[in-house]
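Colleague: I am new to this structure and would like to learn how to read its features. Could we go through them one at a time?

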Amino acid sequence: MSTTLRLAIGSVLVGLLVLGIKTLAWWLTGSVALFSDALESTVNVATAIAALIAIRIAARPADASHPYGHHKAEFFSAVLEGVMIIVAALLILREAFHGFLDPGPLDLPMAGLAINGAATVINAFWAWLLVTRGPTERSPALVADGRHLFTDVVTSAGVVVGLLLAIATGWWVLDPLMAAIVAVNILWSGSKVVRDSLSGLMDEAVPQETLDTVRRVIATTAGGAVEAHDLRTRHAGQATFIDFHLVVPGETTVFDAHEICDRVEAGLKDAIDGARITIHVEPEHKQKHSGIVVLD
């Protein structure tokens, strides 16, 4: 079982544990703010399951119907997660509105806050793990899940502060107010997850740092060629697709041109995990005098 899949399964289990703890905190207190926190955890579980399914699909090898693989499945999962986050925020706003109409004291507030705090600590650790390991595993679904959990941690901390102020001052309207603030923060988080995932679905180019690495590797490994131009890149899940035209001298044999391409491909795969490379070899008269100059 891959590390990515283990982390995805762990997210589901952690989500269920945290949901149970936060639901207990809400049940003890009747707090609208703690209810909003528990509702977000419900979304966490649903999206963790969606991420797990997407990661399993993305891991499938290319086939006749999907010759480029199934890597984009993770982007669909991340978009779904963003949409579900936004829906949760709207539900929380509805509960906060009813809380504003009839604010009142909480039952067992300190016990509820202590229990909710334990759930927050668990979430914080798992969010850190996902955000740290997600980029290493080249998994948009895990990164999106980790960012969402970090938002949950921040809002949970805000809920605790708000409820402590409500207990200290007797201003129970702070309870639905904190729920509304949580909802606004979740809306922002959900929109960012959707935006980042759509960039992958739209075949956005790799980051500039990665692009600089690609150009450097081609320039230093394509000895015997003249130049490389029309470089294009995109990323999909754990795969980075790279294609370009490589100009070679007219007298270069097919065998020698193939040897050059093999060197370039090996260099790119060493430098970039999950690289998928397509090279179109052209004769010297196709030279554009632009793009990547090959270093001898």
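Colleague: Where do phenylalanine 125 and tryptophan 128 lie, and how many residues apart are they?

Modeller: An α-helix has 3.6 residues a turn, so residues three or four places apart point the same way. Here phenylalanine 125 and tryptophan 128 are both in helix H4, three residues apart, about one turn of the helix. Helices (H or I, at least four residues) and strands (E, at least two) are DSSP runs, numbered from the N terminus. This is a predicted model, in which local features need pLDDT of at least 70 and side-chain atom pairs count only at pLDDT 80 or more, while totals for chains, interfaces and linings use all residues. Residues are numbered from 1 along each chain as its sequence is written, and side-chain values use heavy atoms, with hydrogens and water left out.

Colleague: How many aromatic pairs does the structure hold?

Modeller: Rings of Phe, Tyr and Trp (its six-membered ring) pair if their centres lie within 6.5 Å; planes under 30 degrees apart count as stacked, over 60 as edge-to-face and the rest as tilted. The structure holds two such pairs. Tryptophan 26 and phenylalanine 35 are tilted, with 5.1 Å centre to centre and 55° between the planes. The ring centres of phenylalanine 125 and tryptophan 128 are 6.3 Å apart and their planes stand at 35°, so this pair is tilted.

Colleague: Which residues of H4 are buried?

Modeller: Buried means under 20% relative accessible area, exposed over 50%, partly exposed in between (1.4 Å probe, protein chains only). In H4 the buried residues include Pro109, Leu113, Trp126 and Leu130. Tryptophan 128, at 48% relative accessibility, counts as partly exposed.

Colleague: What is the order of the strands in the open sheet?

Modeller: Strands of a sheet pair through backbone hydrogen bonds, either parallel or antiparallel. Two strands pair if DSSP finds at least two bridges between them. The open sheet has four strands in the order S3-S2-S1-S4, with mixed pairing. Strand S3 (275-282) and strand S4 (292-293) are at the edges with a single partner strand each, so one side of each has no neighbour in the sheet.

Colleague: How many bridges join S1 to S2?

Modeller: Eight bridges join S1 to S2, and the two run antiparallel. Alanine 236 has alanine 239 in S2 as its bridge partner. Strand S1 (residues 227-236) is also joined to S4, by two bridges, and these run antiparallel. Glutamate 227 has valine 293 in S4 as its bridge partner.

Colleague: Is S1 enclosed or open?

Modeller: Seven of the 10 residues of S1 are buried, so S1 is largely enclosed by the rest of the structure.
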